[in-house]
Amino acid sequence: MNRIENAFKNKPIFMPYFPLGYPDLNTSIDVIEALARNGADLIEVGLSFSDPLADGPVIQHATQIALEKGITVKKSLEAVKELRSRGVEIPLILMGYYNPMLAYGLERFVRDAKEAGADGFIIPDLPVEEAEEFESILNGGRDASSQDLPLIPMLAPTSSPERMEMIARNAKGFIYLVSVTGITGERKSLAEGLGELIAQVREHTSVPVCVGFGIGTPEQAGEVGKMADGAIVGTACVRTIGGSETPVETASELAKSFANALR
């Protein structure tokens, strides 16, 4: 059983997002370790990019600071390796945009990500219709074990029924269900019709369905957990932890509060 499958044995799961390099590289590694040790079941590890089109202002600001302080794909992969050396065992999914991966070299990127200890990829600007090259490297690379690293598909409320069925049917790992149209960020309330949307997706797949975009409080995460297999929390994590004078301690408390709400 791989790490992703193992994480979903106790559903619903808490999946925070945090970008490497923010507020600096060492602190971000410590923060991700603290999240992992205090309730996170799976972590979206952010790879910074200068044009993060799916992200709202809080995450854009954080990734811009990370870039200004010199974060790179190579340093990010080394950070994942460092987290594994510290004994972090939960799944670490690399969330980033396609251009830096292309610049790094796709085959090299997949190989190095696997060697570092990554468990999969979320690439918001790579729709399934354009993912053939990346998928072929995952499925047919020289290292057959790279097939264990799924490209996590994203589905939105605007997806047509036909596209939803096609993506869900072929999904590996889990499905990242975007709860609202627009960019990442906290919302005052959960999207109307979220339960029905989750049910629609589940008609076509047996992999877990996790909800992201707009979950800002433990209470909202708890509500999502009643419907979905996991809650993805990005902006609230980055804002709360990044704005703290003691980010590692804040990360620990945040993870505990969200994990408790989902249990």
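Select Leu-94 in this predicted model and display its surroundings: beyond its neighbours within four places in sequence, Leu-94 is in contact with Val-45, Leu-47, Leu-77, Val-80, Phe-109, Ala-113, Ala-118, Gly-120, Phe-121 and Ile-122. Leu-94 also belongs to the largest nonpolar core, which has 90 residues, and the members that touch the most others are Leu-35, Leu-94, Phe-109, Phe-121, Phe-134 and Phe-174. To see where the largest share of this core comes from, colour helix α2 (residues 25–37), which supplies six residues.

Next, turn to the backbone of two loops. In the loop between α1 (3–7) and β1 (13–19), pick Pro-12, where the peptide bond from Lys-11 is cis, with omega near 0 degrees. Then move to Pro-23, in the loop between β1 and α2; the bond that joins Tyr-22 to Pro-23 is likewise cis, with omega near -5 degrees. Such sites deserve a look because most peptide bonds are trans, just as most residues other than glycine have a negative phi.

A further backbone stop is Phe-213, in the loop between β7 (209–212) and α10, where a residue other than glycine has a positive phi, near 75 degrees. Is Phe-213 buried or exposed? Its relative accessible area is 8%, under the 20% cut-off, so Phe-213 counts as buried.

Continue into helix α10 (residues 218–225) and select Glu-219, which is exposed, with a relative accessible area of 57%. A distance drawn from the C-alpha of Glu-219 to that of Ser-257 gives 9.4 Å, although the two residues are 38 apart in sequence.

Finally, show helix α11 (residues 235–242) together with helix α12 (residues 247–262), which pack at an angle of about 140 degrees, with their axes 8 Å apart. The two helices are therefore oblique to each other, and their crossing is right-handed. To display the contact, select Ala-236, Cys-237, Thr-240 and Ile-241 on α11, and Pro-247, Thr-250, Ala-251 and Leu-254 on α12. Coloured by class, this contact has six nonpolar and two polar residues, and no charged ones.

How values were computed
Residues numbered from 1 in each chain as written. Predicted model: local features only at pLDDT ≥ 70, side-chain atom pairs only at ≥ 80, totals over all residues. Heavy atoms only, no water. Axes fitted to C-alpha atoms, helices over the stretch in contact; angles between N-to-C directions. Helix = DSSP H or I, 4+ residues; strand = E, 2+ residues; numbered from the N terminus. Parallel < 35°, antiparallel > 145°, perpendicular 65-115°, else oblique. Left-handed = near helix turned anticlockwise from the far one by under 90°. Contact = heavy atoms within 4.5 Å. Nonpolar A, V, L, I, M, F, W, Y, C, P; charged D, E, K, R; others polar. Buried < 20%, exposed > 50% of the residue type's maximum accessible area, 1.4 Å probe, protein only. Core = buried A, V, L, I, M, F, W, Y, C linked by side-chain atoms within 4.5 Å.
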